[in-house]
Amino acid sequence: MPFMKGQSPVRYTLRYLEQGKLMLKNNVRIITVNYNTGHKPSRGAYDFVFWHLPQLQFKNPDVQFLVFKNMTPSPFLRVYFDNGKSILSQLDLQTKDEIYQHFKSIFCKTDDQMQQEAYVKEQKTNPANFGIGFPVECICTIAGQAPCTAFVAPPKEQRGKYKYMGKDVEEE
C-alpha cells in the first residue's frame, strides 16, 4: 500500500488505534511526557510514546498531550487534572510495559467502569426505554400512543368493570 510509509506506519491504521485499552478518567485534562532521545534511562518513555500515545490520543480526544524531547535530565510524565492539581511520575529506567501498567492503574478507568458507562449510554440512546432517568418519562407523550389515563378517561370498552362484569356499556 503506497500510504504505508514512515517508521512503523501500522501505528496510524484505524484498526491499531481502535485496539487501545487506555481510557482516561474524566478529570484528566493534560498529559506531558518528557524524555531524552538516545538516552538509555529514557528508552522506556520513548517506546511508550512511540507505541501507546497514538492510541491514547485516538481514544481520548478531549485530553491534550504534549511531548517534550531533550529538555530534561531524567524522563518523567506529568498529568494535570481539571481541579488544577497534577501528579508527577518518574520514568527513569522503566520499560514501556512497566510504564503502561503504572499509567493504566493510576490514570485510566477500570474495565467495570467502562462496561457501566457503555451500558448507561446504550440505555440512554435506546428510544424504546422510557420512565424515570430516561429522556421520555411517560409513553403517553410519544406520538401515536394512547393518552395517559391520569388525564383522559379511557373508553368504557377498555375498562375492566364493563368488560369482565358484564355491564352494558350503554347503561351509564
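Colleague: Before we start, what should I know about the model?
Modeller: It's a predicted model, where local features need pLDDT of at least 70, side-chain atom pairs count only at pLDDT 80 or more, and totals for chains, interfaces and linings use all residues. Residues are numbered from 1 along each chain as its sequence is written, and side-chain values use heavy atoms, with hydrogens and water left out.

Colleague: How many aromatic pairs are there?
Modeller: Rings of Phe, Tyr and Trp (its six-membered ring) pair if their centres lie within 6.5 Å. Going by that rule, the count is 6.

Colleague: Are the rings of F48 and F103 stacked, edge-to-face or tilted?
Modeller: Planes under 30 degrees apart count as stacked, over 60 as edge-to-face and the rest as tilted. These two ring centres sit 5.7 Å apart with planes at 55°, so the pair is tilted.

Colleague: Which helices hold F48 and F103?
Modeller: Helices (H or I, at least four residues) and strands (E, at least two) are DSSP runs, numbered from the N terminus. The pair links distant parts of the chain, 55 residues apart. F48 is in helix α2 and F103 is in helix α3.

Colleague: And F103, is that residue buried or exposed?
Modeller: Buried means under 20% relative accessible area, exposed over 50%, and partly exposed in between (1.4 Å probe, protein chains only). F48 has 3%, so that one is buried. With 1%, F103 is buried.

Colleague: Where in the chain is F81, the partner of F107?
Modeller: The rings of F81 and F107 have centres 6.4 Å apart and planes at 40°, so they make a tilted pair. F81 is buried at 16%, and F107 is buried at 1%. The two are 26 residues apart, with F107 in helix α3 and F81 in strand β3.

Colleague: Which residue lies over the face of F50?
Modeller: F50 belongs to a cluster that ring pairs form with Y35, Y46 and W51. A charge sits over a ring if NZ of Lys or CZ of Arg is within 6 Å of the ring centre and within 35 degrees of the ring normal. At 3.8 Å from the ring centre of F50, the residue is R11.

Colleague: What is the phi of L93?
Modeller: Most residues other than glycine have a negative phi. L93 is in the loop between β4 and α3, and is exposed at 61%. Its phi is positive, near 60°.

Colleague: What about the phi of N70?
Modeller: N70 is in the loop between β2 and β3, and is partly exposed at 47%. Although N70 is not a glycine, its phi is positive, at about 55°.
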